[in-house]
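Here is a short briefing for a first look. Please keep the sequence and the 3D view open while reading.

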Amino acid sequence: MPQTVLVVDDEPRIAAIAADYLRHAGYSVLTAGDGAEALALARAKRPDLVVLDLGLPRLAGLDVARTLRAETAVPIVMLTARVEESDRLLGLEIGADDYITKPFSPRELVARVKAVLRRSEKGATNGLLRLGDLTLDTSRLTVTRSAAAIDLTPTEFQLLATLARHPGRVFTRAQLLDAVRGDAGESFDRAIDAHVKNVRRKIEPDTRNPRYILTVYGVGYKAAES
């Protein structure tokens with residue numbers, strides 16, 4: 001069965017072009033023209049990925065992203081005409097996996113969708129990783145603590161797994177971007193800070209005094225050594 005992508009954009013022409021390119025790439029595509037319709041479709045059809053415009057009527061794209069992230073770990077690729085770094089960071093902090101700015105190349109959109117879905121399926125070591133009292137199952141992309149599940153997005157999981165495989169090794173932001181994004185294209189270093197902030201909020205008992213992901217000031221991040 002082909003994977004399903006939900007494209008959410010209030011401009012019919014843009015939605016149609018994106019859907020056409022994604023179908024030619026082998027995906028099944030659903031479309032929605034506003035935020036309320038997007039949530040209804042996502043809940044009913046459970047797509048494998050959502051391409052989400054931020055400038056939507058009825059319910060803003062950021063609110064749709066917040067709701068989706070509260071209910072599911074479905075990967076989200078944001079479409080935004082907002083080029084300010086703060087706007088992109090806000091979307092990533094809410095839990096989006098990637099973003100693409102308008103106007104965009106449909107081929108680039110397909111490449112980003114493929115990259116994010118590849119991360120969501122990736123089980124590089126097909127085994128278990130330990131980080132303190134956390135257990136990462138790389139074949140299922142799950143994290144547990146004392147048998148309690150911790151919900152991470154695919155991008156968040158790959159970030160944590162990259163660090164957990166090499167406790168004590170310092171990774172620059174650029175290296176972590178390569179690990180979680182591969183050859184998906186342009187990004188900016190502060191995107192990693194946003195993802196780390198999200199992961200810490202989910203796994204750290206006290207985010208002000210992190211136990212698992214440590215900041216190496218002026219360089220990047222590392223996983224704590226046992």
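Buried means under 20% relative accessible area, exposed means over 50%, and partly exposed lies in between, with a 1.4 Å probe and protein chains only. By that rule D9 is buried, because its relative accessible area is 3%. This is a predicted model, in which local features need pLDDT of at least 70, side-chain atom pairs count only at pLDDT 80 or more, and totals for chains, interfaces and linings use all residues. Residues are numbered from 1 along each chain as its sequence is written, and side-chain values use heavy atoms, with hydrogens and water left out. Helices (H or I, at least four residues) and strands (E, at least two) are DSSP runs, numbered from the N terminus.

- D9 sits in the loop between β1 (4–8) and α1.
- Contact means heavy atoms within 4.5 Å.
- Leaving aside neighbours within four places in sequence, D9 contacts I14, A15, A32, G33, D53, L56, L79 and K102.
- A polar contact is a pair of N or O atoms within 3.5 Å; within protein, one must be able to donate a hydrogen and the other to accept it, and residues adjacent in sequence count only if both atoms are side-chain atoms.
- The side chain of D9 makes such a contact with the side chain of K102, at 2.9 Å.
- A polar atom of the D9 side chain also lies 2.8 Å from the backbone nitrogen of E11.

**Helix α1**

- The expected span of a helix is 1.5 Å times one less than its number of residues.
- Helix α1 (residues 12–24) has 13 residues and reaches 18 Å from its first C-alpha to its last, close to the 18 Å expected.
- Its buried residues are I14, A15, A18, A19 and L22.
- G26 follows α1 and has a positive phi, near 105°.

- Strands of a sheet pair through backbone hydrogen bonds, either parallel or antiparallel.
- Here, two strands pair if DSSP finds at least two bridges between them.
- β3 (residues 49–53) is mostly covered, with 5 of its 5 residues buried.
- L49, V51 and D53 point one way from β3, while V50 and L52 point the other way.
- In a regular strand the side chains alternate between the two faces of the sheet.
- β1 pairs with β3 in the parallel sense over 4 bridges, and V7 stands opposite V51.
- β3 also pairs in the parallel sense with β4 (residues 76–80), over 4 bridges.
- In that pairing, D53 stands opposite L79.

**R69 in helix α3**

- R69 lies in helix α3 (residues 61–71).
- R69 counts as buried because its relative accessibility is 14%.
- Not counting residues up to four places away in sequence, R69 touches V74, P75, I76, I94, G95, D97 and T153.
- A polar atom of the R69 side chain lies 2.8 Å from the backbone oxygen of T72.
- The R69 side chain also reaches the backbone oxygen of V74, at 2.9 Å.

- An open sheet of 3 strands runs in the order β10-β12-β11, with antiparallel pairing.
- β10 (171–172) and β11 (213–216) are at the edges, each with a single partner strand, so one side of each has no neighbour in the sheet.
- Helix α8 (residues 190–203) packs on this sheet, touching β11 and β12, and its direction makes about 145° with that of β11.
- For that angle, axes are lines fitted to C-alpha atoms, for helices over the stretch in contact, and angles run from 0 to 180 degrees between N-to-C directions.
- β10 and β12 (residues 220–223) pair over 2 bridges, with Y221 as the bridge partner of F171.
- Among the buried residues of α8 are A191, H195 and R200.

**Backbone exceptions**

- Most residues other than glycine have a negative phi, and most peptide bonds are trans.
- The peptide bond from K102 to P103 is cis, with omega near -10°.
- P103 lies in the loop between β5 (98–101) and α5 (106–121).
- L141 is not a glycine, yet has a positive phi of about 55°.
- S146 is not a glycine either, and has a positive phi of about 50°.
- L141 is buried at 17% relative accessible area, whereas S146 is exposed at 71% relative accessibility.
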